[in-house]
Amino acid sequence: MDTFGTLGMQQGSEPFPNLFPTERVMKIWLAVLLCLVLGIQVAQAGEENRLNFDELYSGGGALGLRFSDKVLSFEGKHVVIRGFMAPPLKADADFFVLTREPVALCPFCQSDSDWPDNILVVYLSEKQRFVQNNTVIEVEGDLEIGSWTDEHTGFVSQLRLRNATFHTL
């Protein structure tokens, strides 16, 4: 071995290895890193916009229910929630009521002062075939909050999903 540590090296090779990766290796590492970062962001986004019925309200008082901070932060955003479809009022409706537990009657037929804390009105982006009231479904749509009266039905709601779709689980 000589003083530069070149023992066993072929003649013409450099005494020190190239410490910088080739352009091809750099592109591969950058692609892997990008996939990891995007995958983590997509996973976090899916979790951040997920609601459940226990998170809809933070309490109530003489003026009715108060929306939770989480619901207020999701106003106008695309959210996901699971529940049960209450029996629709008519077969060709483009909306339904999502409930925490299966129900046999329409929980939507009340004033907003009696508004239950375990329902959410869902307006579909396009008509879908309704399911039995004991089937768990997952609904995605744009969250609207605040008292609103449907001009076609006269029903009053506090929370709504617009442009929504659902699927069974």
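Start by selecting Phe-96 and Phe-166: both are buried, meaning under 20% relative accessible area, where exposed is over 50% and partly exposed is in between (1.4 Å probe, protein chains only). A quick word on what you're viewing: this is a predicted model, where local features need pLDDT of at least 70 and side-chain atom pairs count only at pLDDT 80 or more, while totals for chains, interfaces and linings use all residues. Residues are numbered from 1 along each chain as its sequence is written, and side-chain values use heavy atoms, with hydrogens and water left out.

Back to the rings. A search of the whole structure turns up five aromatic pairs. Rings of Phe, Tyr and Trp (its six-membered ring) pair if their centres lie within 6.5 Å; planes under 30 degrees apart count as stacked, over 60 as edge-to-face and the rest as tilted. Phe-96 and Phe-166 make an edge-to-face pair, at 5.4 Å centre to centre with 80° between the planes. Phe-96 sits in strand β5 (residues 95-99) and Phe-166 in strand β8 (residues 156-168), so this pair ties together parts that are 70 residues apart in sequence. Helices (H or I, at least four residues) and strands (E, at least two) are DSSP runs, numbered from the N terminus.

Now select Tyr-123 and Trp-148. This pair is edge-to-face too, with 5.9 Å centre to centre and 85° between the planes. Tyr-123 belongs to strand β6 (residues 119-124) and Trp-148 to strand β7 (residues 136-149), so parts 25 residues apart in sequence are tied together. Buried or exposed, what is Tyr-123? Tyr-123 is buried, with a relative accessible area of 8%, whereas Trp-148 is partly exposed at 29%.

Next, bring up Arg-162. It lies over the face of Tyr-123, at 4.4 Å from the ring centre, and over the face of Trp-148, also at 4.4 Å from the ring centre. A charge sits over a ring if NZ of Lys or CZ of Arg is within 6 Å of the ring centre and within 35 degrees of the ring normal.

Stay in the area and select the whole of β6. Six of its six residues are buried. Which residues point one way from β6, and which the other? Ile-119, Val-121 and Tyr-123 point one way, and Leu-120, Val-122 and Leu-124 the other way. In a regular strand the side chains alternate between the two faces of the sheet.

Show the neighbours of β6 as well. Five bridges join β5 to β6, and these two run antiparallel; Leu-98 has Leu-120 as its bridge partner in β6. With β8, β6 pairs in the parallel sense over three bridges, and there Val-122 has Leu-161 as its bridge partner. Two strands pair if DSSP finds at least two bridges between them.

While β8 is on screen, click Asn-163, which is found in that strand. Its phi is near 50°, a positive value in a residue other than glycine. Most residues other than glycine have a negative phi, and most peptide bonds are trans.

Time for some charges. The structure holds seven salt bridges, each a side-chain nitrogen of Lys or Arg within 4 Å of a carboxyl oxygen of Asp or Glu. Select Asp-54 and Arg-100, whose side chains meet in one of them (2.5 Å, N to O). Asp-54 is in the loop between β1 and β2, and Arg-100 in the loop between β5 and β6, 46 residues apart. Asp-54 is exposed, at 62% relative accessible area, while Arg-100 is partly exposed at 25%.

Then pick Arg-82 and Glu-138, another salt bridge, with the closest N and O atoms 2.9 Å apart. Arg-82 lies in strand β4 (residues 78-85) and Glu-138 in strand β7, so the pair ties together parts 56 residues apart in sequence. Arg-82 is partly exposed at 45%, and Glu-138 counts as buried at 8%.

Last stop: select Glu-144 and Arg-160, whose side chains meet in a salt bridge (3.0 Å, N to O). Glu-144 is in strand β7 and Arg-160 in strand β8, so parts 16 residues apart in sequence are tied together. Glu-144 counts as partly exposed at 29%, whereas Arg-160 is buried at 3%.
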